[in-house]
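Colleague: I should like to go through this model with you, one question at a time. Please show it first, and then let us begin with how the chains are related.

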Number of protein chains: 2
Amino acid sequence: MKSERATVRRLPERGAYDPETIYSILDENFVCHVGFNADHGPVVLPTLFGREGDLIYLHGSAGAHMLRILKGGAPVSVAVTSVNGIVAARSHFHHSINYRSVVIFGQATEVTDVQEKLHGMEVLTNHVLPGRWEEARQPNTVEFTQTVVLKLPIDEASAKVRVGPPKDDDEDLELDVWAGVIPMATVAGAPVPDDQLQAGTSLSPSIEAALARWPSR
Amino acid sequence: MKSERATVRRLPERGAYDPETIYSILDENFVCHVGFNADHGPVVLPTLFGREGDLIYLHGSAGAHMLRILKGGAPVSVAVTSVNGIVAARSHFHHSINYRSVVIFGQATEVTDVQEKLHGMEVLTNHVLPGRWEEARQPNTVEFTQTVVLKLPIDEASAKVRVGPPKDDDEDLELDVWAGVIPMATVAGAPVPDDQLQAGTSLSPSIEAALARWPSR
């Protein structure tokens with residue numbers, strides 16, 4: 001998956017290129033940041049994504065600026081980042097963040113085949129809430145037509161990972177400054193049912209699974 | 001802060017341009033995604049930032065590719081995103097995410113004045129851990145020289161915010177599909193002290209403040 005542009009240059013020992021590492025970072029997130037060139041220059045926007053195999057899917061309204069540019073085959077960069085902790089060192093210089101991030105480069109293509117597009121929608125839904133696709137109402141023709149689905153191969157991609165304690169200079173170790181890591185995590189809170197929920201409708205399996213996936217601490 | 005390019009076009013009712021909204025989203029985050037053009041096309045990378053007034057500061061190694069491009073005045077886009085919940089609707093079409101995001105456009109400039117650069121470093125540190133600047137060892141000359149500090153004005157920026165329950169179609173309200181919001185939040189775990197911490201060194205105020213800022217649920 002390594003390529004010239006998908007190579008970690010700054011602190012290369014933090015770089016990784018194996019699919020297992022890259023996929024695991026993608027799969028623990030569902031929001032990516034997409035970078036592309038508009039007429040006025042670079043743009044970064046957050047959006048949902050879903051992964052299956054060596055593809056990520058993006059979607060959105062047929063009228064959305066970003067999708068109109070990307071489906072034309074414009075070069076794109078997609079970043080996905082997990083923040084795992086704040087690294088507090090004895091010196092400011094060695095302060096850092098523990099993170100796991102992926103950057104993908106390539107060109108997206110629009111998924112136009114009906115079955116493949118429906119499958120892309122399923123991947124997007126189930127990436128966020130595994131199993132949800134079977135629970136909710138499927139798209140009707142108008143909704144299906146208003147939505148654009150894009151796919152982007154994960155063939156030029158790199159991961160960058162920092163883990164562990166601060167790396168202080170030896171001469172700083174005697175300082176009586178607290179140093180260590182504050183772990184950070186994403187958690188789900190108690191689900192808030194919609195006001196108009198039909199009486200007796202209980203949490204569905206995909207919602208239960210989400211609570212288990214992002215447990216409260 | 002609105003400009004032609006910093007205008008929310010898709011679902012414009014979710015757009016906001018007032019500094020209070022924009023600053024509050026920036027201040028509840030410390031990782032941004034920076035988009036710029038390299039020779040080979042668009043790049044998005046995650047990095048730390050700090051805000052003070054109408055400026056954000058970025059920093060990094062003098063050798064880093066991104067900083068070399070940005071300090072040359074290349075156009076840049078910076079996105080900051082809070083994910084606040086997963087919105088599960090009765091139909092797939094109305095599934096969504098509750099989020100608060102900011103996108104900034106502009107050009108960064110390198111901070112070269114020594115006092116201003118030191119101040120930028122302080123803003124970056126204290127944005128993540130308020131008060132930490134007074135606790136840890138200040139940069140020495142070598143560290144100071146190896147670090148590049150950039151500033152970017154927040155004068156072309158927009159926020160986009162989605163809050164609240166799913167917006168299902170009326171005819172779907174009778175479906176017995178669970179619908180509602182799974183709130184999402186970032187929390188801090190128990191601090192992990194460095195193995196080589198001096199005996200008797202207790203948590204410092206900035207670390208205590210971080211635990212209060214991102215409380216466990």
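This is a predicted model: local features need pLDDT of at least 70, side-chain atom pairs count only at pLDDT 80 or more; totals for chains, interfaces and linings use all residues.

Colleague: In chain B, which residue has the C-alpha nearest the axis?

Modeller: The axis in question is that of the rotation of 180°. The nearest C-alpha of chain B lies 2.2 Å from this axis, and the residue is T186(B).

Colleague: How many residues of chain B are in contact with chain A?

Modeller: Contact here requires C-beta atoms within 7 Å. The same surface serves both copies, as 100% of the contact residues of chain B recur in chain A. On the side of chain A, 86 residues take part, and on the side of chain B the number is 86.

Colleague: How many of the residues on the side of chain B that touches chain A are charged?

Modeller: Among the elements that each supply at least two residues to this side are strand 6 (75-88), helix 3 (114-128), strand 11 (180-188) and helix 5 (205-213) of chain B. The residues of that side include 48 nonpolar and 24 polar ones, and the charged residues number 14.

Colleague: In strand 11 of chain B, which residue stands opposite V187(A)?

Modeller: Strand 11 (residues 180-188) of chain A runs antiparallel to strand 11 of chain B, and five bridges join the two. Opposite V187(A) stands A185(B).

Colleague: Against which strands do the buried residues of helix 5 of chain A pack?

Modeller: In helix 5 (residues 205-213) of chain A, the buried residues are S206(A), I207(A) and A210(A). They cover an arc of only 100° around the axis, which puts them on the same side of the helix. Their packing partners belong to both chains: strand 11 of chain A, and strand 6 and strand 11 of chain B.

Colleague: Which strand of chain A do the buried residues of helix 3 of chain B pack against?

Modeller: The 15 residues of helix 3 of chain B should span 21 Å at 1.5 Å a residue, which agrees with the 22 Å between the end C-alpha atoms. Its buried residues include K117(B), M121(B), L124(B) and V128(B). Within chain B these buried residues pack against strand 3, strand 4 (50-52), strand 5 (55-61) and strand 9 (147-153), and from chain A the partner is strand 6 (75-88).

Colleague: In strand 6 of chain B, what is the bridge partner of V34(B)?

Modeller: Strand 2 of chain B forms a hairpin with strand 3 of chain B, with two residues between them. Eight bridges hold that antiparallel pairing, in which A38(B) stands opposite G41(B). Strand 2 of chain B also pairs in the antiparallel sense with strand 6 of chain B, over three bridges, and there the partner of V34(B) is V78(B).

Colleague: Which strands stand at the edges of the open sheet of four strands in chain A?

Modeller: The sheet has the order 4-5-9-8, with antiparallel pairing. Strand 4 of chain A is joined to strand 5 (residues 55-61) of chain A by three bridges, and E52(A) stands opposite L55(A). Each edge strand has a single partner strand, so one side is left without a neighbour in the sheet; the edge strands are strand 4 (50-52) and strand 8 (109-110) of chain A.

Methods: Residues are numbered from 1 along each chain as its sequence is written. Chains are lettered from A and ligands numbered from 1 in the order in which they are written. Two residues are in contact if their C-beta atoms, placed from the backbone, lie within 7 Å. Ala, Val, Leu, Ile, Met, Phe, Trp, Tyr, Cys and Pro count as nonpolar, Asp, Glu, Lys and Arg as charged, and the others, Gly among them, as polar. Two strands pair if DSSP finds at least two bridges between them. Copies are superposed by least squares on the C-alpha atoms of residues with pLDDT of at least 70 in both. A residue is buried if 20 or more other C-beta atoms lie within 10 Å of its own, exposed if 12 or fewer, and partly exposed in between; C-beta atoms are placed from the backbone. The arc is that of the directions from the helix axis to the C-beta atoms. The expected span of a helix is 1.5 Å times one less than its number of residues.
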